[in-house]
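Here are some notes on the aromatic side chains of this model. Please read them with the structure open.

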Amino acid sequence: MGNFDKKIDKFIEIFLEQNGYVKVIEGLQNTLMIAITGLLIGIVIGTVIATERVLPKYKTLPKVLNAICSFYVALFRGTPMVVQLLVFYYVLLPVFGIRIPGVQVSMLVFGLNSGAYISEIMRSGIQSVDPGQMEAGRAVGLSFGTSMMKIVIPQAVKNILPTLGNEFISLIKETSVVSFVGAADLYVAFSYIGSNSYEFMVPYLVMALIYIALVLVISLLIKLMERSLKKSDRRN
């Protein structure tokens with residue numbers, strides 16, 4: 001027990017006296033920025049792809065777009081996140097002469113990856129909405145796109161909100177791989193503390209607790225949002 005106390009004392013020393021907390025705060029900020037930005041980009045891309053994939057395929061253009069979207073989804077769902085990060089950071093961006101920080105690359109790749117998953121989530125959400133809703137929108141003179149954006153998609157989002165919450169939680173946890181492209185996340189921050197204290201047990205335990213706390217907070221927020229939406233449905 002005394003040995004464990006010494007490890008805690010060493011962790012506190014590095015964390016407070018050697019400004020380890022600064023790196024932890026920076027790592028937490030980067031983790032949240034990457035996950036939140038990735039989710040927002042993913043929602044935009046996923047909504048566009050899902051909308052295209054539910055379009056009638058009577059004409060050539062929808063068929064071609066559907067094939068492109070199917071390839072995109074298969075590509076990003078079929079390769080690990082860390083491989084996508086490495087390919088973008090060390091292969092694709094240098095080929096085009098683009099140099100951007102690892103955090104921004106991570107935001108982009110997380111968004112593209114999330115878009116592939118959210119497209120399938122959104123598509124199932126759109127299909128769960130009563131087809132009569134679209135017909136009603138068209139009957140009052142709204143275009144397909146307007147009916148989709150103002151009537152169908154808002155209802156679909158209500159249906160898939162818990163699944164979107166799970167996708168956000170997955171993004172939070174997957175940020176631990178962004179250190180491969182030089183981004184300073186929570187893992188990098190606590191590895192720094194462990195390297196300076198020559199003891200990794202306590203830093204990694206604290207890191208795990210922070211991830212658990214983040215997941216619990218996100219889960220609570222999702223439940224509150226669901227409850228709020230259910231109340232608004234009752235009022236309507």
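1. Tyr204 has 28% relative accessibility, so Tyr204 counts as partly exposed. Tyr187 is partly exposed too, at 34% relative accessibility. The cut-offs: buried is under 20% relative accessible area, exposed is over 50%, and partly exposed lies in between (1.4 Å probe, protein chains only).

2. A word on the basis. This is a predicted model, where local features need pLDDT of at least 70 and side-chain atom pairs count only at pLDDT 80 or more, while totals for chains, interfaces and linings use all residues. Residues are numbered from 1 along each chain as its sequence is written, and side-chain values use heavy atoms, with hydrogens and water left out.

3. How many aromatic pairs does the structure hold? There are 4. Rings of Phe, Tyr and Trp (its six-membered ring) pair if their centres lie within 6.5 Å; planes under 30 degrees apart are stacked, over 60 edge-to-face, the rest tilted. One of the pairs is Tyr72 with Phe76: tilted, 4.8 Å centre to centre, 45° between the planes. These two sit 4 residues apart in helix α3 (residues 60-78), so about one helical turn separates them. Both Tyr72 and Phe76 are buried.

4. Tyr187 and Tyr204 form a stacked pair, with 6.3 Å between centres and 25° between planes. This pair links distant parts of the chain: Tyr187 lies in helix α8 (residues 186-197), Tyr204 in helix α9 (residues 201-235), 17 residues apart. Helices are DSSP runs (H or I, at least four residues), numbered from the N terminus. Tyr187, Phe200 and Tyr204 make up one aromatic cluster.

5. Lys23 places its charged end over the ring of Tyr192, 4.8 Å from the ring centre. The criterion: NZ of Lys or CZ of Arg within 6 Å of the ring centre and within 35 degrees of the ring normal.
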